[in-house]
Amino acid sequence: DWREVYPGKGIGHALLPIITKQAGRCMDCGIPFCHQGCPLGNLIPEWNDLVWRGDWRAAIERLHATNNFPEFTGRLCPAPCESACVLAIDEKTTSGAVTIKNVEVSIIDRAFDEGLVVPQPPEWLTGRTVAVVGSGPAGLATAQQLTRAGHTVAVYERADKIGGLLRYGIPEFKMEKRVLDRRLDQMAREGTIFRPGVNVGVNVTGQELKARYDAVVLAIGSTIPRDLPVPGRELAGIHQAMEYLPQANRAALGEEVPDQISAAGKHVVIIGGGDTGADCLGTAHRQGAASVVQLEIMPRPSDERPHTQPWPTYPMIFRVSSAHEEGGERRYAVSTQEFLGDDEGRVRALRLVQVRFENGRFEPVPGTEEELPADLVLLAMGFLGPERDGVVEQLGVELDERGNIKRDEAFATTVDG
């Protein structure tokens, strides 16, 4: 079952019976720390109050005031706002934070159903043109705002369909693509132009975009995966997560995927304990894996907020996603020393060792070496920044010390335009 892990029409509808009560728990704090926790600065107490009062039309207006796509964040965001909720200071006496993320997604799903989300085309055009490179959530939000301001905006995407990571990176069981498509339909009706299948830097150069448009926005994301350069890395059956997940997403949507990487009947090991690893976990389950083990080099987080990460910070605690609830084993404080292969050059096992953090680095614990059988290994260890060649190199923008595109406080790069 590749549909979202909620009954009926999705999470927003599944939660409606309890959402008004949850919204009513919001205390409308004099200093709403949830604002501090939310990177978008969502007006959380305001739309919580409107939901409690039953004014769903006003609630979606306040939600859209700061968030172009609450249907995405309401499904995918890790909800740092909830960690910053005043009710989360002492969860033993307050029953925990308001379920802000669930209120958010219920507002937007109900708004779409009731026809409250409509195109907002500009009243007049400015005559200015903008190219947005990348159609992930950042590129789409930029395009929508600029289109509504009256500029003519074209969104370029190298994949065959618009959506970036939302389209082929996020599994269907976390966000069905109908959720993305209905928003793209609104944007197209507002006047945003979509150009999928165009690899900027290859099919069209950065200089050509600069000459053709008044401004260029780079929203290309972080696509260089972190690798694991240990002996045996060249063996067949070892893949980056973003090789595996897009293929699985295409297959789940009914597309033909030649030579698809599949977990069916295999012993799968996922290296990396974050969200991407959990996406691989849920996908492997649905493909019929024989077993799935997820490895993390860090020690297991505590169940409660560490004293070194006080409220209202976002704490590193033990979290369980829907994919984890479905099965699989999670192992912590282990490091892969080597990939072991069979006579045909395919991976057959990992040589692991337990580690502890000492003197600023992870040190192996003597006597803890072991072999972990594996037919398929997925690397989900994060990303190192945008690709340097192509449009980044062609435009000549500077990079910062972490390899990201350097920008000032106004988000302008070091190259005009």
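Colleague: In which sense do β10 and β11 pair, and over how many bridges?

Modeller: In a regular strand the side chains alternate between the two faces of the sheet. Please keep in mind throughout that this is a predicted model. Here β10 and strand β11, which covers residues 361-364, pair in the antiparallel sense over 4 bridges, and one place to look is Phe357, whose bridge partner in β11 is Phe362. The two strands form a hairpin with 2 residues between them, and in that turn Asn359 has a positive phi of about 55°.

Colleague: Which other strands are joined to β10?

Modeller: Strand β9, residues 334-341, is joined to β10, residues 347-358, by 7 bridges, and the two run antiparallel; within this pairing Gly341 has Val347 of β10 as its bridge partner. The hairpin of β9 and β10 has 5 residues between the strands, and Gly345 there takes a positive phi near 80°. Strand β12, residues 370-373, is also antiparallel to β10 and is joined to it by 4 bridges, with Leu372 of β12 as the bridge partner of Leu350.

Colleague: In what order do the strands of the open sheet with parallel pairing lie?

Modeller: That sheet has 4 strands in the order β3-β2-β1-β4. Its edge strands are β3 (193-196) and β4 (215-218), each of which pairs on one side only, and the twist averages 20° from one strand to the next. If you follow strand β2, residues 152-157, you find that it pairs with β3 in the parallel sense over 4 bridges, and that Glu157 has Pro196 in β3 as its bridge partner.

Colleague: Turning to helices, how far apart are the end C-alpha atoms of α9, and what span should its residues have?

Modeller: An α-helix has 3.6 residues a turn, so residues three or four places apart point the same way. Helix α9, residues 100-113, has 14 residues that should span 20 Å at 1.5 Å a residue, and its end C-alpha atoms are 20 Å apart, which agrees. For helix α10, residues 137-148, the 12 residues should span 16 Å, and the end C-alpha atoms lie 17 Å apart, which also agrees.

Colleague: At what angle do the axes of α14 and α15 cross?

Modeller: The axes of helix α14 (residues 241-252) and helix α15 (residues 275-287) come within 10 Å and cross at roughly 45°. That makes α14 oblique to α15. The contact is made by Ala241, Tyr244, Leu245 and Ala248 of α14, together with Thr276, Asp279, Cys280, Thr283, Ala284 and Gln287 of α15. The crossing of these two helices is left-handed.

Colleague: Why does Ser95 count as exposed?

Modeller: A residue counts as exposed when its relative accessible area is over 50%, and Ser95 is at 69% relative accessibility, so it counts as exposed. Arg407, in the segment after α17 (391-395), has a relative accessible area of 47% and is therefore partly exposed. Leaving aside its neighbours within four places in sequence, Arg407 is in contact with Ala412 and Thr413.

Note on methods. Residues numbered from 1 in each chain as written. Predicted model: local features only at pLDDT ≥ 70, side-chain atom pairs only at ≥ 80, totals over all residues. Heavy atoms only, no water. Pairing = 2+ DSSP bridges. Expected span 1.5 Å × (residues − 1). Axes fitted to C-alpha atoms, helices over the stretch in contact; angles between N-to-C directions. Parallel < 35°, antiparallel > 145°, perpendicular 65-115°, else oblique. Left-handed = near helix turned anticlockwise from the far one by under 90°. Contact = heavy atoms within 4.5 Å. Buried < 20%, exposed > 50% of the residue type's maximum accessible area, 1.4 Å probe, protein only.
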